[in-house]
Amino acid sequence: MTRTTTIFEHMSALCRGSDAVNLGQGFPDLPDPPELIEAARRALVDRSNQYPPMRGLTELRSAVCTYYAQTQGLSLDPAEVIVTSGATEALAASILALVEPGDEVICVQPLYDAYVPLIERAGGIPVFISLKPPTWELSIADLAEAITPRTRMILLNTPNNPTGTMLPRATLEAIGQLAEAYDLIVLCDEVWEGMVFDGTPHISPLAIPSLRQRSVKVGSAGKIFSLTGWKIGWAVAAPELAERIAARHQFLTFTTPTPLQWAVADGLSLGRDWLSAHAARYVPGRRALIQGLTEAGYSLLPASATWFVTVDLAASGFTQEDAVVAERLVGEGGVGSIPVSAFYAQNPETRYLRLCFCKTPETLSEAVDRLARFRAHHT
């Protein structure tokens, strides 16, 4: 039967119905950063609540440029930034602007579930290649083989959700060579760029000279500041691409709540030390979940970023596919997870579960206890 809700809604609903600990959907339950809440309060009271400019407040677009200069060494102009109602709208505006009916878009699995419907809405044709587990590397040979005369775009996600892995510079440079040779656009979902925990540098396609004029970078304040309900995102691209994206954004949401734009601008201006300290709040939970699962006999795959860890089910002693284990884990183990197969449109990997660590110590401790009992009883 075709599911009419996303896997995230489905698993969260199962958790609510069974009082399970929800380590499936990636929303934090740590306290909101008070600096951002205060900035939003000030903006509501002291600043405008009327329409901002369609492309976003000048102050926010400038703050985005400063943020990327400080954290990634990118040299950007505010004219290259379009503020959107969340990263998903940035993806939608970009796809609708740059994909024509009949164009092929190469999508790299596992992937965010909005990509394919957005491509199809634009009249495009998704073409799939897959990262190679357990290291989740992107094969340039597979990418090159997927390119046809109808290919228009390559859609990337780095850091990747659900795997937590990141594309290295050499891979992006190889992608740049292909993009130049075949005149392709690269759309890169980089919403997890602020949540990297092992020191691996995040590299955007915009940092690759061959991709600078043909790439769109999508970012998310909701992920950077752990305020997922704010839905403030942006697309960053060279002026010619930015103009086309802005034209689509104008007739999607037109604009995004003004006070939250002010608050995000203030937040991005807090500086690298504050941003690093904010991300570091998740390190103890990440460490506790990895340690607890490992001690309970689970095998985890290495990951650099995001709020998630990936369980290798076969190596952990489970013989059933991930969707079956996820359903049983809610009903019999009292923990919600996400089967990684849900991030595939075809030929899914079915041996992995995604668990979220952006939770309180008490929540993670209870979840680890339940997961340990579940494995003891089912392997």
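The model is predicted. Its largest nonpolar core has 98 residues, and another core of 32 residues lies apart from it. The structure holds 1 cavity of 30 Å³ or more.

**Nonpolar cores**
- Leu156, Leu293, Trp307 and Leu355 have the most contacts inside the largest core.
- Helix α4, residues 87-98, gives the most to this core, with 8 residues.
- The other core, of 32 residues, includes Leu57, Leu76, Ile224 and Leu275.
- In soluble globular proteins, nonpolar side chains tend to be buried together.

- The largest cavity has a volume of about 40 Å³.
- Its lining is formed by Tyr298, Val311, Phe318, Val325, Leu329, Leu353, Leu355, Leu371 and Phe374.
- The lining residues divide into 9 nonpolar, no polar and no charged.
- Leu355 lines the largest cavity and is also among the residues with the most contacts inside the largest core.

**Helix α7**
- Helix α7 runs over residues 169-182, and its 14 residues should span 20 Å at 1.5 Å a residue.
- The end C-alpha atoms of α7 are 20 Å apart, which agrees with that expectation.
- Its buried residues are Thr171, Leu172, Ala174, Ile175, Gly176, Leu178 and Ala179.
- An α-helix has 3.6 residues a turn, so residues three or four places apart point the same way.
- The buried residues of α7 pack against α6 (140-146), β5 (151-157) and β6 (185-189).
- Asp183 follows α7 and has a positive phi, near 55°.

**Cis peptide bonds**
- Most residues other than glycine have a negative phi, and most peptide bonds are trans.
- Gln109 and Pro110 are joined by a cis peptide bond, with omega about 0°.
- Pro110 sits in the loop between β3 (104-109) and α5 (115-121).
- A cis peptide bond also joins Asn161 and Pro162, with omega about 25°.
- Pro162 is in the loop between β5 and α7.

**Positive phi in loops**
- Ser226 is not a glycine, yet its phi is positive, about 60°.
- Ser226 lies in the loop between α8 (221-224) and β8 (233-237).
- Its relative accessibility is 6%, under the 20% cut-off, so Ser226 counts as buried.
- Asn347, a residue other than glycine, has a positive phi near 45°.
- Asn347 belongs to the loop between β12 (338-339) and β13.
- Asn347 is exposed because its relative accessible area is 63%, over the 50% cut-off.

Methods:
Residues numbered from 1 in each chain as written. Predicted model: local features only at pLDDT ≥ 70, side-chain atom pairs only at ≥ 80, totals over all residues. Heavy atoms only, no water. 1 Å grid on protein atoms, 1.4 Å probe; cavity = no way out; pocket = protein on both sides within 12 Å on 5 of 7 lines; lining within 4 Å. Points joined across faces, edges and corners; volume = space filled by probe spheres on them. Nonpolar A, V, L, I, M, F, W, Y, C, P; charged D, E, K, R; others polar. Core = buried A, V, L, I, M, F, W, Y, C linked by side-chain atoms within 4.5 Å. Buried < 20%, exposed > 50% of the residue type's maximum accessible area, 1.4 Å probe, protein only. Helix = DSSP H or I, 4+ residues; strand = E, 2+ residues; numbered from the N terminus. Expected span 1.5 Å × (residues − 1). Contact = heavy atoms within 4.5 Å.
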